[in-house]
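Subject: The structure, and what turned up in it

Hi,

Here is the structure we talked about, ready for you to open. Have a look around it, then read on for what I found.

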Amino acid sequence: MQDPGRDALEARAVAARAAAAARPTEFNAHLELATVLHQLDHTAPNGGKRVSEAVAAYRRAAELAPGGPASAAAAYVRSNLGALLLAGGRVAEAAEEMKATLAQAEALGLQQTDVYVGTLFNLAKAVQQLGEQERSQELMRRVLTQAKGVSGASYLKAWAALKSFSAEELAEMEECARYLRRARRGVNEASLSPGKAQAWQARKARWGWLDSLSAADQAWISYGLFHAYQQAGQYDKAWRALAEANALQDEAAAFDPAQDDVNTRAIIGMFQPPKPGSTDPADAFYAALLQGAGGHRDRRLRPIFVVGMPRSGSTLIEQILASHSEVWGAGEDTALAPLLPELLAVLQHPSGQVEAAGIAAVGRKYLQEMRGRLPAERKGARWIVDKMLRNMWNVGFIAMMLPDACILHAARHPADAGLSCFAQPFEGRGTPWASNLAHIAHQSALVQALADHWDAALPGRVMHVRYEDLVRDQEGTTRAMLAHCGIPWEPGVLSFHTTQRTVATASLAQVRQKLYRGSMLRFRRYARHLAPLLRPLRQHIARYEREAGLASSEQLLADVLDGAPPAPAAVGDQQGLGEHEKKGEQQRDKQRGQQLAEEPGGGRRDEL
């Protein structure tokens, strides 16, 4: 499926590349090339292939900047370079670039500029990913001071990044959020009494510099309030703030799940379970391909794919694996997706013939690209972890082209994972559905449908690793996971929280500490607000709790969704309701999940 926005950026990149080659000493030519490659890497990641070219273009632009490499223009370019390196996973290099940029900006007296504040914010993120949590929090508080009147987005995002809050900080957040909420509704100053008009002007004098921010940017202050209220045990206030944040995000980026439905049906249709007992040679050939008979094997480096729903323990799984001396974690922006068109061309050849050599060639190319990502000190690794969760849709392709690949499905209680997605402000790409409870439920159902399908089409190939099992039996579950991947046991994997490696996902805090049970069945605290999530997943929740040996939530779901004790019949997704009743239930769910109070206002951060 073509993406007009991506196609336009690709065309710009071609033109910019030609312009930079034709005018090698022109600042704007190299800046345009760097900028468009940076945009492409953000909107259409291809395994980081563009990053090195973009880095070189930024560096050349900084050299050619008006006023020279020590100029304000060069500082602007270097700020963007640091952001690119951070997004590209080159975190230590990014941090050094940002420190140099800040020093240059300070020498030029640019502390009250977007360049300085944005770089300071990104440095706080970088040192957090490098494991320096206290230093990161110190830098975030510097951002809060430095950004006032300068960079509204950085100011509000810094609130959302704090792990603890003083009473004064909470009061400042509440006042800011009240102003933004009132400003969004609009204020007819002519209708105000003199006293109220004066009070509004005072608020506007303090907070009016935030007026131009988008709804999506304004949402960050509500995420900050959610964390502060939750930490204080004020869960109703926390929910109202979280619902407000997501309503603003959802309004800013509408999402249509129809394409995911189409893709899922296509994948399930393409990879049907082999027909046992069939005497048709074509069926036998397909069964052999699905088992990897035409794929590429490389005993020197075996891939491990971690797939599933976000916020389900995938980063924890990768951290455990990467704590092994022979395993390296590659993170999320990996090499498979850009190669799938090549594999599809092999599988859908116009002649109708499928050449096994073509399948193996794509598998070989994937491993070559992943091997090239190994850092110098880990070139001896024998396993490499690819944590692109959307590869849940690509398990069939993986099985065909990489028969030695290990596939792990990170699974978690669907309501806990769903709430955690809703509570996490995913900044960037890949989760446009995460600000809407109904869309989260839909995504969860698709992931489970695929998990069930791969169990039928590829029995035993995918290991389902439940987060709750890791919490309750860390060693037993870890041993089973390593055995599934053919990795020899090392006791050090149990001390994953001491492993020093860059972690760039929302689960950073969890993998820096020992496992604890506090994140299990967390959804129950907010259940009465979660009807749009719980109703579509009701049957899935019952099944998950039964299979995982968790205490049943059936009575809680009945209280929340039905307002009465559950009927003895099996629960389902609105089973037995007519269309009129379904619409009524859906409308009540929407009201329960999205209703906001007029004012959401008035130790260790409680991770969802």
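Before we start: "contact" here means heavy atoms within 4.5 Å. Also keep in mind that this is a predicted model.

**Helix 4**

Let's begin with helix 4, which covers residues 72–87. It has 16 residues and reaches 23 Å from its first C-alpha to its last, close to the 22 Å expected at 1.5 Å a residue. Which of its residues are buried? They are Ala74, Ala75, Val77, Ser79, Leu81, Gly82, Leu84, Leu85 and Leu86. Those buried residues pack against four helices: helix 2 (27–43), helix 3 (51–64), helix 5 (91–107) and helix 6 (114–129). Just after helix 4 you'll run into Gly89, with a positive phi of about 85 degrees.

You can find a glycine like that just after helix 26 (residues 554–562) too. There, Gly563 takes a positive phi of about 70 degrees. Within helix 26, the buried residues are Leu557, Ala558, Val560 and Leu561.

**Helices 9 and 10**

Next, turn to helix 9 (residues 167–185) and helix 10 (residues 194–207). Two packed helices are described by the angle between their axes and the distance between the axes. For this pair, the angle is about 110 degrees and the axes are 10 Å apart. Angles from 65 to 115 degrees count as roughly perpendicular, so helix 9 is roughly perpendicular to helix 10. On the helix 9 side, the contact is made by Glu172, Glu175, Cys176, Arg178, Tyr179, Arg182 and Ala183. Helix 10 brings Trp200, Arg203, Lys204, Arg206 and Trp207. Sorted by class, the contact has seven charged residues, five nonpolar and no polar ones.

**Aromatic pairs**

How many aromatic pairs does the structure hold? Eleven. Take Tyr235 and Tyr526: their ring centres are 6.0 Å apart and their planes sit at 90 degrees, so the pair is edge-to-face. The pair links distant parts of the chain, with the two residues 291 residues apart. Tyr235 is in helix 12 (residues 235–252), while Tyr526 is in the loop between helix 23 (508–511) and helix 24 (531–534). Are the two tyrosines buried or partly exposed? Tyr235 has 27% relative accessibility and counts as partly exposed, whereas Tyr526 is buried, with a relative accessible area of 1%.

That loop between helix 23 and helix 24 also holds Leu521. Leu521 has a positive phi, near 55 degrees, in a residue other than glycine. Buried means under 20% relative accessible area, so Leu521, with its 18%, counts as buried.

**Strand 1 and what follows**

Now look for Gly308, which is found in strand 1. Gly308 is buried, with a relative accessible area of 5%. How far apart are Gly308 and Leu408 in sequence and in space? They are 100 residues apart in sequence and 8.4 Å apart in space, C-alpha to C-alpha. Leaving aside neighbours within four places in sequence, Gly308 is in contact with Leu389, Met392, His409, Ala410 and Val447.

In the loop between strand 1 (302–308) and helix 15 (314–322) sits Arg311. This residue has a positive phi of about 65 degrees although it is not a glycine. Arg311 is buried, at a relative accessible area of 8%.

Last stop: helix 19. How many of its residues are buried? Ten of its ten, which leaves the helix mostly covered. The buried residues include Asp416, Ser420 and Cys421. They pack against helix 11 (215–231), helix 12, helix 20, helix 24 and helix 25 (538–548).

Follow the chain into the loop between helix 19 (414–423) and helix 20 (437–457) and you'll find Thr431. Thr431 is buried, with a relative accessible area of 16%. Apart from neighbours within four places in sequence, Thr431 is in contact with Pro310 and Phe426.

Enjoy exploring!

Notes: Residues numbered from 1 in each chain as written. Predicted model: local features only at pLDDT ≥ 70, side-chain atom pairs only at ≥ 80, totals over all residues. Heavy atoms only, no water. Expected span 1.5 Å × (residues − 1). Buried < 20%, exposed > 50% of the residue type's maximum accessible area, 1.4 Å probe, protein only. Axes fitted to C-alpha atoms, helices over the stretch in contact; angles between N-to-C directions. Parallel < 35°, antiparallel > 145°, perpendicular 65-115°, else oblique. Nonpolar A, V, L, I, M, F, W, Y, C, P; charged D, E, K, R; others polar. Phe/Tyr/Trp six-rings, centres within 6.5 Å; stacked < 30°, edge-to-face > 60°.
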